[in-house]
Amino acid sequence: MTREQIVQALVTVLAYMLMCGTIAWRYRQRQREAQRRVDALLPATPGAPAWWVAYASQTGQAEQLALQTAQALHTAGVPVRLAPLSQIRMADLQHADRLLCIASTYGEGDPPDSAVPFARQVMASAAVNLSHLHVGLLALGDQTYANYCGFGRALDHWLMANGAQPLFERIDVDKSDPNALQRWRQHLAHLAGTNDLPDWEAPSLQPWRLQAREHLNPGSAGEAVWHLVLVPDALQPLPDWQAGDLVQIEVPTAPGEPRDYSIASVPQDGALHLLVRQSRRTDGSLGVASGWLTKQADLGASVMLRVREHSGFRMGDNAHRPLILIGNGTGLAGLRGHMRGRLAAAGMLGSGAERPESVAPMWLLFGERNAHCDAHHRDEIDTWVRQGWLRADWVFSRDQEERRYVQHALAESAGEVREWVEQGAAIYVCGSLEGMAGEVNDALQRILGEEALQQLAADGRYRRDVY
Ligand SMILES: Cc1cc2nc3c(=O)[nH]c(=O)nc-3n(C[C@H](O)[C@H](O)[C@H](O)COP(=O)(O)OP(=O)(O)OC[C@H]3O[C@@H](n4cnc5c(N)ncnc54)[C@H](O)[C@@H]3O)c2cc1C
Ligand SMILES: Cc1cc2nc3c(=O)[nH]c(=O)nc-3n(C[C@H](O)[C@H](O)[C@H](O)COP(=O)(O)O)c2cc1C
């Protein structure tokens, strides 16, 4: 090695250490900030009866509204305790006086993932006397689904059937309807005995620019999938998101009706990457948002978007665990975010370096239709496989006679799935709710056992971004 090479190697190592240090510092800052937000809400006098503000949330809207509710009450001098519904036990309800609950609905009228144990255990237990409990309920949903606000209603019925007293009639919120949210705020102000609750504004949409767009699957039997690259408009800083987060995009053809997309990149990429599939109606016309983003908008077009924290699909405490990443179609977006996130956290994104022993490995199980055109980002994934970061199992449903999906690959590797989980792996699932996520859930239940899977979910080691 020449002197120059040694100096260069030292500089690289130092730069790497600095980057790791900065990432760890930023992570700790964020953790502290999140803890500060919750600590700030604890009752001023220990032991003073607090109002519970509980939430059941899949993609974070109910969680955000619960935080705003708790902060508003706290500002008005009311002691509050903020918690996900999953942390609330029957004993808490039996000792509480007031419960404000914000609950969304998923699947076909189901509770969000994190609230499944509450629904199965607490709500399924024998009748209890909750006549001392005063309840306000905000149910989030979307009228286009058959079982509108299904879980919020079920929760309401269960509470009332056990004698709980409504503070006011349940408020159902259709797609974040501002009028319904305003009614909730008015009730809060009334309950807290104040006129001036601070305004709640959804984080505003910011102008971004569509920098690049690539059609990933020409010739596919399925609808077109596009890789989009977006950068903040001139003079706007790049926001600080985490792998697992979402964006909400409002296209000019559907004002006031934003669509969610999983982020496929990390801030170290300097841009937001998305994978968008063109959705198509029966008459052949393209979906409003996917059509605009992939076809109508010109390169360089302004795109209004906000980044949304998706705490249920972030890395959380899993940063040092092996990862089993399972998905299909555009679900690769959320999984790619995590793969790039792991390399970035090691300071090795784009470095070409092999995985060091100290970094836990990843295992991708990804399903699409045909290998010759639907293996999105194959070069990048193959490179990570060669460098030892990743094991990749591609599952193509239509390359052989019988249909084959990720759940089949999981079942065939059952022993290894168990080994990975025994070694501490966390499981992330991203993509279709219909077809994929349910089947994968069933396969995991068969491999690991229903209780063990529930425990993984409760421990934050089984996380889903499915739609
Ligand atoms: C958490 C989350 C993450 C997501 N991540 C991604 C992602 O990473 N990539 C991705 O591609 N998508 C993702 N989606 C889906 C995305 O948000 C949009 O739903 C999707 O792009 C379709 O929106 P659209 O405006 O193009 O279609 P829309 O115009 O809303 O139409 C959607 C579908 O509804 C039906 N439909 C609507 N209107 C009519 C009508 N008038 N007549 C008949 N049928 C109709 C059709 O079946 C149509 O295909 C995600 C969704 C969620 C909730
Ligand atoms: C895949 C999926 C399934 C959904 N299913 C329902 C449903 O069955 N009934 C309903 O009222 N809303 C349904 N919704 C709408 C959500 O409840 C609504 O968007 C809510 O605001 C999400 O809040 P959260 O971010 O706290 O999870 C569904 C949304 C998605 C993405």
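**Exercise 1. Find which residues come nearest to ligand 2, and how its shell is made up.**

*Solution.* A residue counts as near a molecule if one of its heavy atoms lies within 4 Å of it.

Next, sort the shell by residue type: eight of its residues are nonpolar, 11 polar and two charged. Here Ala, Val, Leu, Ile, Met, Phe, Trp, Tyr, Cys and Pro count as nonpolar, Asp, Glu, Lys and Arg as charged, and the others, Gly among them, as polar.

Then look for secondary structure: helix H2 (61-75) and strand S4 (134-141) each give at least two residues to the shell around ligand 2. Helices (H or I, at least four residues) and strands (E, at least two) are DSSP runs, numbered from the N terminus.

A word on the model before going on: it is predicted, so local features need pLDDT of at least 70 and side-chain atom pairs count only at pLDDT 80 or more, while totals for chains, interfaces and linings use all residues. Residues are numbered from 1 along each chain as its sequence is written, chains are lettered from A and ligands numbered from 1 in the order in which they are written, and side-chain values use heavy atoms, with hydrogens and water left out.

**Exercise 2. Locate polar contacts of ligand 2 and say how much of its area the protein buries.**

*Solution.* A polar contact is a pair of N or O atoms within 3.5 Å; within protein, one must be able to donate a hydrogen and the other to accept it, and residues adjacent in sequence count only if both atoms are side-chain atoms. Take the oxygen contacts: a polar backbone atom of Gly-60 is 3.1 Å from an oxygen atom of ligand 2, and a polar side-chain atom of Ser-104 is 3.0 Å from an oxygen atom of the ligand. Now turn to nitrogen: a nitrogen atom of ligand 2 lies 3.0 Å from a backbone N or O atom of Gly-107. To finish, ligand 2 exposes 650 Å² when taken alone, and the protein buries 90% of that. Such areas come from the Shrake-Rupley method with a 1.4 Å probe; for residues, only the protein chains shown count as cover.

**Exercise 3. Describe the surroundings of ligand 1.**

*Solution.* Begin with the shell: 19 residues surround ligand 1, and Asp-260, Tyr-261, Leu-275, Ala-289 and Ser-290 are the closest. Strand S10 (259-262), strand S11 (272-277) and helix H7 (288-296) each supply at least two residues, with S10 giving the largest share, four residues. By type, the shell has seven nonpolar, six polar and six charged residues.

Now check the contacts. The side chain of Tyr-261 has an N or O atom 2.7 Å from an oxygen atom of ligand 1. A polar backbone atom of Leu-275 is 2.8 Å from a nitrogen atom of the ligand, and one of Arg-277 is 2.9 Å from an oxygen atom. Ligand 1 has 970 Å² of accessible area on its own, and the protein covers 66% of it.
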